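Good morning, and thank you for making time. Please have the sequence and the structure open as we proceed.

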Amino acid sequence: YHNSGDPTNNLADSKPIMPGHTEIIGFPSTSMRITTNVDSTNYNLIHSNSSVASGSLNKANEITVNALGTTSLYRSESLLISADQKISGASYADSDGYSASPFLPTNMMKKKYMINTNSDYVAFASKLPGTIDVYSASQTIGVDTPVQTLTFSRSGANTNAPYKARL
């Protein structure tokens with residue numbers, strides 16, 4: 001795992017190091033970094049507003065991708081990155097220097113998640129449209145009525161652009 005932190009060694013945002021994959025998804029927050037184990041890895045990226053970019057990187061490099069939209073607290077556009085070799089990535093830091101998260105290999109995406117009820121905010125990125133039912137800790141999932149339903153959205157018209165939802 002790795003952490004975010006400040007110069008006085010306060011650690012925050014412990015997160016697992018995800019395995020490399022040819023397609024990853026997440027939020028850049030302020031920015032994110034991509035890395036690979038293979039030289040001449042070609043990558044393509046697309047934000048949820050349909051902004052696209054591409055390039056190549058070597059195993060000795062890391063590429064920084066800046067967030068689009070509101071660049072703090074995971075309000076940015078979601079980002080889908082595909083490559084011809086395995087890549088991995090994580091958001092670098094947020095406006096307060098603490099918030100960071102891994103980019104998830106798309107083959108590890110699930111349909112159901114349990115999130116800590118003490119979270120300040122949660123952002124979801126998806127390759128497909130859909131909804132998220134939000135339940136309180138005292139409710140029974142599938143029995144009780146959700147306290148809120150979020151709908152995935154994207155602002156771009158590109159059919160490959162990822163979706164996002166934030167709470």
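Thr41 lies in strand S5, where strands, like helices, are DSSP runs numbered from the N terminus (helices H or I, at least four residues; strands E, at least two). We are looking at a predicted model, in which local features need pLDDT of at least 70 and side-chain atom pairs count only at pLDDT 80 or more, while totals for chains, interfaces and linings use all residues. Residues are numbered from 1 along each chain as its sequence is written, and side-chain values use heavy atoms, with hydrogens and water left out.

Is Thr41 buried or exposed? Its relative accessible area is 0%, so Thr41 is buried; by definition, buried means under 20% relative accessible area, exposed over 50%, and partly exposed in between, with a 1.4 Å probe and protein chains only. The side chain of Thr41 reaches the backbone oxygen of Val38 at 2.6 Å. That is a polar contact, meaning a pair of N or O atoms within 3.5 Å; within protein, one must be able to donate a hydrogen and the other to accept it, and residues adjacent in sequence count only if both atoms are side-chain atoms. Setting aside neighbours within four places in sequence, Thr41 is in contact (heavy atoms within 4.5 Å) with residues including Thr36, Leu57, Ala83 and Ile87.

Most residues other than glycine have a negative phi. Ser40, however, has a positive phi of about 60° although it is not a glycine. With a relative accessible area of 49%, Ser40 is partly exposed.

Let us now follow the strand itself. S5 is mostly covered, with 5 of its 7 residues buried.

Not counting residues up to four places away in sequence, Leu45 touches Ser51, Val52, Ala53, Val65, Leu79, Leu80 and Ile81. Which residues make up the largest nonpolar core? There are 12: Ile24, Met32, Ile34, Tyr43, Leu45, Leu57, Val65, Leu79, Ile81, Ala83, Ile87 and Phe103. A nonpolar core here is a set of buried Ala, Val, Leu, Ile, Met, Phe, Trp, Tyr and Cys residues joined through side-chain atoms within 4.5 Å. S4, S5 and S8 each supply at least two residues of this core, and S8 gives the most, with 4 residues. Apart from this core lies another, of 10 residues, among them Met18, Leu80, Leu104 and Ala161.

I turn to charged pairs. How many salt bridges does the structure hold? The structure holds 3, a salt bridge being a side-chain nitrogen of Lys or Arg within 4 Å of a carboxyl oxygen of Asp or Glu.

In one of them, the side chains of Lys127 and Glu23 meet at 2.7 Å, N to O. Lys127 lies in the loop between strand S10 (123-126) and strand S11 (131-134) and Glu23 in strand S3 (residues 21-26), so this pair ties together parts that are 104 residues apart in sequence. Lys127 is partly exposed at 37%, whereas Glu23 counts as buried at 19% relative accessibility.

Another salt bridge joins Arg33 and Glu62, whose closest N and O atoms are 3.3 Å apart. Arg33 is in strand S4 and Glu62 in the loop between S6 and S7, 29 residues apart.

Finally, Glu77 forms a salt bridge with Lys164, the closest N and O atoms being 3.6 Å apart. Glu77 sits in the loop between S7 and S8, and Lys164 in strand S13 (residues 163-166), 87 residues apart. Both Glu77 and Lys164 are buried, and their C-alpha atoms are separated by 7.4 Å. Glu77 also has a polar contact of 2.4 Å with the side chain of Ser48.
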